Amino acid sequence: MNIENNYPSINKKINYFLLIKKVVGIIFIISFICCLIVNLSLGGSLWCFYVLFGEVILYFIFFKRFLVDNIMIYRVCFIFLLIIIYFYYIDLINNTNWSFLVNDILIYILLLLQIISFFINYNYHKYMIVMMLFSSLCSIIIGILSILRVLPFNWAIIVSFSLAIIVLVMLFVFYHKLTILELKKYFSLK
Amino acid sequence: MDNVSDFYNNFNKNDQKIIINYFNNLKDIKYSKKDKIQVINDFMKYILFCYDMKMKVSNILKLIPIEVFKKDESKWYSLDTSSKIYPLSMNEEWMSVFRLSLYLNDDINEIVLQMALNYTIRRFPLFSTSIHKGFFWNYLDYQNIRIKVYKEDNIPCSRLNISKVNKSAFRVIYYKNRISCEYFHLICDAHGGMIFLTSLVNEYLRLLGKKVNYNEYAWNTLLKSSNFENEDAFLKTSIDKNIKKISLIDKRTLQIDGRLSSIKPCQVIHFDIDLDKIHVIAHKKNVTINQLILSYLFMVIGICTSKNGNIKIQVPVDMRKYYKINTIRNFSLYNTISINKKNLNNIDNILKEVRQQSNEKLSKEVMDGVMLNAKNLVHYLSFIPLFIKKPLANFIFKYFSDKSSTIVVSNLGNIILPNSMKSSVTSGDFVLGTNLSNRVLVSIITINKVLTLSISKFTTNKSFENNLYNLLKKENLIINIKGSEEYEYRK
């Protein structure tokens, strides 16, 4: 059977990114298993999960690409969220109380980054609206819980709470049409 | 165009005035700043190309009206019922892509093709969208972007990068005399994709200065799009809820022998078949052309499979033949035709079985059952957040999806081109490019009395195409065989 070749010849490229990603993934798994064995044999607090969380954060910083909506600020938010959980976990294991302040500072930095990004990437700013709403609501809930003395109260909470109110006012007063449209798209059941 | 004054220096003073006036109007077109510069550049290149072909400036400008670029379609689309699975099941290495191509008499000119795409995309706003995450489902959002045409330099149906906000879910590529569109299945099915491609090629011919006319496959790109063509056809159909539901997931079935290749597809082969000859054979045997080809394929698979059991061919069904809905979005479903390997020894028995099962399983009543099941599934899944659905769907798709069929055979049917295109377009092909477990995918398209049967291979084992070739040669059906090189070699 003679096949007339009517396609261009292809330079086969090796996808080094996927290759390195797989190798690093394997190294991470092995290192976690080693830490887990040492941790269980020595006893004490479960510090091996510090390693796991650290690896997960590194993996998301360098290797995780979102298949849809791979926007820098989305990735930053996701990594911030992971770091917040990480700090909370360390605090919980060591029975200390510093993560509330640090996490509140991280939340208001995150809100600030989102606002800056909203105005810098004006062409794509509509895709940040829902994310900003979520972060603001989160800050407001933490603020209310602090006022009710459920969570410890600190200066970072006041800053992030105020910033969240500014974001909500900005979105619902100056960008209300766009905000409602974006919410409709985001929560569409169709 | 690097230097605007260089561009104007090509024309005499009178023509310069006309062109400056034209470009002043062009400043209002709705694009982002970066894309606007590129689109204006496209216009300049096109005008120069036509001017070099000794066309008058006034005649050139008549071919490229500005009005279509001034409308802004700020729309968004929820995914249709059958396309909701595609973004859920894709991963970093795999996504469902198919490809449609048309072959012209002459080599393709990139400048004209880019202009044709700039016009065509305005007529089909659905194709100028990017995909985004919602809380329950993904959705498509309109982007006023310039989509670039590329010279073909990659494996057919390779993955599309849709991760960025300004990336569309299809690509237009050209190679020698061929124009191809590769679509992520999410935006359209092959019928919708063919309408887009035919309209694009028709527009290309119009911009080359040829007289064109339009029909159901080649739409006038200077007109506005209408809502009906972008609607979710599944929502427009009402089905009797008491109808028998047909399961969407089937048991695992036999696969053709051969190890799966790491490069997918590892080769594409097109068999050009004489339509009149195959029609005569089908008529003699009292079956349709599709049933005849399915029977041949059952026979070939029987030879290429060493294990015993049921062989199943998955057949996508265009639901437009049962419902008069002219959407360009997905409106196709599938069913399977199954024959046990031990019954594949006689072509007449196979033909009888295929005819009987086709008439039963691909009937409107049965397909309505499949549709009802798909609609119900989507309805129940609607209330589950996307971050839960995505890993679940990915798992189900990976372990169950195409393992329930031996091959897929998709027949797009006879594409009727407008008379003006018939002399310029010689043939076409249709390639199903992606799959997880099947060793072969088969797709069929008929253009200008040439039936092109395309095989996308996912194994380096050559028994399938060799046996099919022998069978078609015995019936004296083959006009010629084209295809790609083998992208993966294994002894």
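**Burial of Y8(B) and F7(B)**

In this predicted model, Y8(B) has 15% relative accessibility and so counts as buried (under 20% relative accessible area; over 50% is exposed and in between is partly exposed, with a 1.4 Å probe and protein chains only). F7(B), at 0% relative accessibility, is also buried.

**Ring pairs**

Rings of Phe, Tyr and Trp (its six-membered ring) pair if their centres lie within 6.5 Å; planes under 30 degrees apart are stacked, over 60 edge-to-face, and the rest tilted. Over all chains the count comes to 46 aromatic pairs. One of them joins F7(B) and Y8(B), edge-to-face, with 5.2 Å centre to centre and 65° between the planes.

F43(B) and F69(B) pair with centres 5.4 Å apart and planes at 70°, so this pair is edge-to-face. It links distant parts of the chain, 26 residues apart: F43(B) is in helix α3 (residues 33-52) of chain B, and F69(B) is in the loop between α4 (57-63) and β1 (76-78) of chain B. Helices (H or I, at least four residues) and strands (E, at least two) are DSSP runs numbered from the N terminus. Both F43(B) and F69(B) are buried.

**Cluster and charges**

Ring pairs link a cluster whose members include F7(B), Y8(B), F43(B), F69(B), Y31(B) and Y119(B).

R122(B) lies over the face of Y31(B), 5.2 Å from the ring centre. The charged end of R206(B) sits over the ring of Y119(B), 5.8 Å from its centre. A charge sits over a ring if NZ of Lys or CZ of Arg is within 6 Å of the ring centre and within 35 degrees of the ring normal.

**Basis**

Residues are numbered from 1 along each chain as its sequence is written, chains are lettered from A and ligands numbered from 1 in the order in which they are written. The model is predicted, local features need pLDDT of at least 70, side-chain atom pairs count only at pLDDT 80 or more, and totals for chains, interfaces and linings use all residues, while side-chain values use heavy atoms, without hydrogens and water.
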